[in-house]
Amino acid sequence: METKNHSSNTAGFILLGLSSNPHLQKPLFAIFLIMYLVTVLGNVLIILAIHSDSRLHTPMYFFLSNLSFMDICFTTVIVPKMLVNLLSDTKAISYVGCLVQMYFFMALANTDSYLLASMAIDRLVAICNPLRYDVTMSPQRCLLMLLGSCSISHLHALFRVLLMSRLSFCASHVIKHFFCDTQPVLKLSCSDTSSSQIVVMTETLAVIVTPFLCILFSYLRIIITVLRIPSAAGKWKAFSTCGSHLTVVTLFYGSVIYVYFRPLSMYSVVKDRVATVMYTVVTPMLNPFIYSLRNNDMKTGLKKLMDRIHSTK
């Protein structure tokens, strides 16, 4: 009954978007439409290349194909609605629509985070314990890691959305953002959000920091192992297998840490919009390029896929 009262006093929200300048709406629409199409096309090509080339049927590429799929879903949760609002005068989103967007955004973003951690573990085993790689990173274990990543992420998202649904919104319904993210929505609540902020910060630390620490631990072990390799060529070969993954981790976690690991009082509309665009739009768009341009196996897989497509015409 209480939740009903909270939700009934909010008919919906207005998403202010990236800019309120009417002259920038169409240029921004064109830019983000191109970025979205490149993201979808690039990640679809990665998935098809991995599934069509038997040499890429390894744990690393299993996680990469699922990361590409999550990136497509992740951007689809946010960008299409943003594109519609850029050409709309109302820029409205319903209360339920806002909570649904928030749920899938958090679930998919956290799944991305856990998949990046799984890929770090894969590199750790491949470099530090290569003789047991096939046993440790068996298909069954990789599938369990994927299912665990999805389950934890969706439970985290459900908990956060249930917490948000108990808040009241009595004053402004204008969200100074381009989608329903936790911090800008909390800013609008006329409820006492201090306890919610503590729970959100604590739970976010537990869910997001865990895979991040896993990545840090994995790379510390990798660095220690690689430094013991006597030849410079051997060291370079070992490190080169991690370059693409490290680049994506830096882009993703750099912007996530900047946006979420600060108290609500330090929330900055303009700076957070830019940082959020980095990990919600730019990073998913760049992932296919990072993994294909710096990876000879992926280059070969993509070339085979293109040859196969051309031969069917």
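Which element gives the most to the lining of the second largest pocket? Helix α3 does, with four residues. The model is predicted.

## Second largest pocket

This pocket holds about 190 Å³ of space. Its lining comprises 14 residues, and His57, Thr58, Pro59, Phe62 and Pro139 are the closest to its centre.

By class, the lining of the second largest pocket has nine nonpolar and five polar residues. Charged residues are absent from it.

## Largest pocket

The largest pocket has a volume of about 430 Å³. It is lined by 18 residues. Nearest its centre lie Tyr61, Arg123, Thr241, Asn295 and Asp297.

Helices α3 (59–86), α4 (95–128), α10 (243–260) and α12 each supply at least two lining residues. The lining of the largest pocket divides into six nonpolar, eight polar and four charged residues.

## Packing of α2 and α12

Helix α2 spans residues 25–52, and helix α12 spans residues 296–312. They pack at an angle of about 90 degrees, and their axes are 9 Å apart. Angles of 65 to 115 degrees count as roughly perpendicular, so α2 is roughly perpendicular to α12.

On the α2 side, the contact is made by Leu45, Ile46, Leu48, Ala49, Ile50 and Ser52. On the α12 side, they meet Met298, Gly301, Leu302, Leu305, Met306 and Arg308. By class, the contact of α2 with α12 has nine nonpolar, two polar and one charged residues.

Notes
Residues are numbered from 1 along each chain as its sequence is written. This is a predicted model: local features need pLDDT of at least 70, side-chain atom pairs count only at pLDDT 80 or more; totals for chains, interfaces and linings use all residues. Side-chain values use heavy atoms; hydrogens and water are left out. Axes are lines fitted to C-alpha atoms, for helices over the stretch in contact, and angles run from 0 to 180 degrees between N-to-C directions. Angles under 35 degrees count as roughly parallel, over 145 as roughly antiparallel, 65 to 115 as roughly perpendicular and the rest as oblique. Contact means heavy atoms within 4.5 Å. Ala, Val, Leu, Ile, Met, Phe, Trp, Tyr, Cys and Pro count as nonpolar, Asp, Glu, Lys and Arg as charged, and the others, Gly among them, as polar. On a 1 Å grid over the protein atoms alone, a cavity is a set of points where a 1.4 Å probe fits but cannot get out, and a pocket is an open set with protein on both sides within 12 Å along at least five of seven lines; lining residues have an atom within 4 Å of a point. Grid points are joined across faces, edges and corners, and a volume is the space filled by probe spheres set on the points.
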